[in-house]
Amino acid sequence: MQLLVSPSSIEEAKSSLSADIIDVKKPSEGSLGANFPWIIRGIKEIAGKKPVSAAIGDNEYKPGTAALSAYGAAHAGADYIKVGLMFDGEDRAREVIEAVTTAVKHEFPEKYVVIAAYADFARMGTISPLAIGSLVADAGADVAMIDTGIKDGKSLFEFMDEETLIRFVGQNQDLGLQTALAGSLKFEDLDALKRINPEIIGVRGMVCGGDRSTTVRAELVEKAMLMLR
Ligand SMILES: O=C[C@H](O)COP(=O)(O)O
């Protein structure tokens, strides 16, 4: 299980360097808020061989806009391009997933496309994460992800139980996809996450000391890495 940590600045990225994947985002612009291309590029420069991920926003149904954002993030140096689906409808999701995957893979076949839907989809009226697996696989994207859309402290586990998440991981594996799980995860959740065993877990609040609007702390990233090994 790889640990993905989401810094919002170059300074925070320096505190995140012991993580497996450095995920650039702008939390003030949403759960999967996109940061500036120069921040992605700057973090890529200090990340060395560590893979860099970039969130491109909690996208509404705008395939062209999402594709161009994904292309921009790939050009800025991201190895993983993370796309949130903040709308409803499987046909519309298929269109956006195909658009972003084509935008990235045409020029950068080696890069990973991560498609995220939200555990709290019911309260937002957006697509269920349980509906995206085949769409992600059909488009040739790589990772199906669940995060929480509204960051009010309610965690992934308040919306989805262990059994459902194990099923999600299994379905993705059958489709040849990796799974990423996130959403106000806490150190106390790590045992359950080990049992669920996704390829990637994503955190910010946990390594900020509980409040994701503060800053990433290097010692908490190291603690999480130790607990996962
Ligand atoms: O990709 C992961 C997210 O940044 C998770 O953030 P969070 O742990 O504060 O919910």
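## Ground rules

Helices (H or I, at least four residues) and strands (E, at least two) are DSSP runs, numbered from the N terminus. The structure here is a predicted model, in which local features need pLDDT of at least 70 and side-chain atom pairs count only at pLDDT 80 or more, while totals for chains, interfaces and linings use all residues. Residue numbers start from 1 along each chain, as its sequence is written.

## The chain as a whole

Let's start with the overall picture. The chain holds ten helices and eight strands. A compact globule of 229 residues would have a radius of gyration near 17 Å, and the chain agrees with that because its value is 16 Å. (The radius of gyration is taken over C-alpha atoms, and the globule rule is 2.2 Å times the number of residues to the power 0.38.) Along the principal axes, the C-alpha atoms fill a box of roughly 45 × 40 × 30 Å.

Of the 229 residues, 49% are buried. Here a residue is buried if 20 or more other C-beta atoms lie within 10 Å of its own, exposed if 12 or fewer, and partly exposed in between, with C-beta atoms placed from the backbone. Two residues are in contact, or touch, if their C-beta atoms, placed from the backbone, lie within 7 Å. Among the contacts in the chain with a separation of 6 or more, 67% join residues 24 or more positions apart.

## The annotated lysines

UniProt, in an unreviewed entry, lists Lys25 and Lys82 under "active site". UniProt positions are given in the numbering used here, feature names are shortened, and annotations may be inferred rather than shown by experiment.

Lys25 sits in the loop between strand S2 (21–24) and helix H2 (37–47), and Lys82 belongs to strand S4 (residues 80–85). Lys25 counts as buried because it has 25 C-beta neighbours inside 10 Å; Lys82 counts as buried because it has 31. Not counting residues up to four places away in sequence, Lys25 touches Ser6, Ser8, Leu32, Gly33, Asn35 and Ala55. With that same exclusion, the contacts of Lys82 include Asp23, Leu32, Ala55 and Val114.

## Nonpolar core

A nonpolar core is a set of buried Ala, Val, Leu, Ile, Met, Phe, Trp, Tyr and Cys residues joined through C-beta atoms within 7 Å. The largest one has 76 residues, of which Ala54, Ala70, Ile81, Val100, Val114 and Ile115 touch the most other members. Leaving out residues up to four places away in sequence, Val100 touches Ala66, Ala67, Ala70, Val83 and Val113.

## Around the ligand

The ligand is surrounded by 17 residues, and the closest are Ser6, Ala182, Gly202, Arg204 and Gly205. To be near, a residue needs its C-beta atom, placed from the backbone, within 6 Å of the molecule or strand. This shell divides into five nonpolar, six polar and six charged residues. Ala, Val, Leu, Ile, Met, Phe, Trp, Tyr, Cys and Pro count as nonpolar, Asp, Glu, Lys and Arg as charged, and the others, Gly among them, as polar.

## A loop residue: Asp142

Asp142 lies in the loop between helix H6 (133–139) and strand S6 (143–147). Because 22 C-beta neighbours are inside 10 Å, Asp142 counts as buried. Beyond its neighbours within four places in sequence, Asp142 is in contact with Tyr112, Val113, Val114, Leu177 and Gln178.
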